[in-house]
2 protein chains.
Amino acid sequence: MEAASTKAIRRPRADSQRNREKLLVAAAAVFRETGGEGTLEAVARRATVGIGTLYRHFPTREALFEAVYRREIDQLAELARDLEGSGDPVENLRGFLHAMVGLIATKKGMIRALAIVLDGSCEITNYSQATLLSAMQRVHAPAIAAGRLRPDVSAEDVLQTVVGMCIARRDERWEAAVSRLSDVFLDGLRIDRA
Amino acid sequence: MEAASTKAIRRPRADSQRNREKLLVAAAAVFRETGGEGTLEAVARRATVGIGTLYRHFPTREALFEAVYRREIDQLAELARDLEGSGDPVENLRGFLHAMVGLIATKKGMIRALAIVLDGSCEITNYSQATLLSAMQRVHAPAIAAGRLRPDVSAEDVLQTVVGMCIARRDERWEAAVSRLSDVFLDGLRIDRA
DNA sequence: CAATTATACGGAGGCACCCTCCGCTTTCAA
DNA sequence: TTGAAAGCGGAGGGTGCCTCCGTATAATTG
């Protein structure tokens, strides 16, 4: 009947999906309030769900982080695609970096999430890591190809530098500071000087 | 008799000083081995000292960190003083940044320690923060004064950028990568282009 | 060399969090 | 309707953090 996969595969249970959603909402709230440090038990409590249910859906803290912030990461990837093939490549990269910093700024807990994603030691965040990196590459490569940036600094280098700036900056008003610093870094990357 | 302070003040007990030293040695070893994540109980065990003794000497994890790495930070400050007033100011700054990255590289646990230092919420880390910052200022200011660097980026900005790079880079061979990236950043800061 | 007293020691124990495991409940599909 | 697959909840074991206080000991005093 259903045009689903092989066969003999049940639809996911309604309560399961409901709980998953409740957990994501609760986790987003807790992480926002605590800057990404809230306990998993607090998340489960807030979602009015057992701790066991939380662990079934998200076997590690990282997995929960990734799920919570996947939407934001996808948004960045979309921005990268939108910028593709139009406008000045260096300015596109600058715009992308600023958007990234801005997005991180609005999601307090996302700083830690990004740190976890970039850590790489953890299998579960592969999707986010790959998405983020390929978004960066999409914006970075054209500027290299146009001979506008030093070719010996990779998209990964840029990504980790900017995220590093965000992590190290813990005070207020860090968003403006990091935007400025990322501009400085970008200036350092340029072969043609403005 | 003793030319000590006011009076009526006892000499510190010998066993206390001995234990403090043993704790510092043990902590340095444990933090180096675990990348700064070892448990305090492991430190106490290694020092063959009770956990209570550890907490009496170092009331928080940060305090212990700070004590362990104060020596290394002092070393950086000394380097900054040595560089003072001789040679090209931009090259001095570059050298200082590389030394800083190198020092962090040899003390794996220091990465995390620096994150704690930058956090600033804890009284005890003020010394490290102030020392590190003033060392950076000592090397940074002359380059500004000579009109060689953008004056709108502060020593604090530079410090946090480089430390951020170190924190974000968790993979192997990060030392070379961060050295290169800090050069790029420095190029961005320059007003005269090489 | 006692006796005195300020200091320091150690680790038991309370608390919080992490995560697993399994008996019970709910949903799906036949 | 009903069997069983899928999901649920939370008790409980493990570990780490930190405090507290009875005991031990070094410095000081007579």
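The dialogue below sets values against definitions.

Tutor: This is a predicted model, in which local features need pLDDT of at least 70, side-chain atom pairs count only at pLDDT 80 or more, and totals for chains, interfaces and linings use all residues. Residues are numbered from 1 along each chain as its sequence is written, chains are lettered from A and ligands numbered from 1 in the order in which they are written, and side-chain values use heavy atoms, with hydrogens and water left out.

Student: What makes C166(A) count as buried?

Tutor: Buried means under 20% relative accessible area, exposed over 50%, and partly exposed in between, with a 1.4 Å probe and protein chains only. C166(A) has 1% relative accessibility and therefore counts as buried. C166(B) is buried as well, because its relative accessible area is 1%. Of the 194 residues of chain A, 47% count as buried.

Student: How many disulfides does a search of the whole structure find?

Tutor: A disulfide is a pair of cysteine sulfur atoms within 2.5 Å. Over all chains, the search finds zero.

Student: How do you know that the length of helix α7 of chain A agrees with its number of residues?

Tutor: The expected span is 1.5 Å times one less than the number of residues. For the 20 residues of α7 (residues 126-145) this should give 28 Å, and the end C-alpha atoms are 27 Å apart, which agrees.

Student: Where does α7(A) have a kink?

Tutor: The bend at a residue is the angle between axes fitted to the seven residues ending there and the seven starting there. A kink of about 30° lies at R138(A), shortly before the proline P142(A).

Student: Against which helices do the buried residues of α7(A) pack?

Tutor: Contact means heavy atoms within 4.5 Å. The buried residues of α7(A), among them L132(A), M136(A) and V139(A), pack against α4 (61-83), α5 (89-106), α6 (110-119) and α8 (155-168) of chain A.

Student: What rotation superposes chain A on chain B?

Tutor: Copies are superposed by least squares on the C-alpha atoms of residues with pLDDT of at least 70 in both. The rotation is 180°, with 0.1 Å of shift along its axis and an RMSD of 0.4 Å. That is the relation of a two-fold axis.

Student: Why is it said that the copies meet through the same surface?

Tutor: Because 100% of the interface residues of chain A are also interface residues in chain B.

Note on methods
Helix = DSSP H or I, 4+ residues; strand = E, 2+ residues; numbered from the N terminus.
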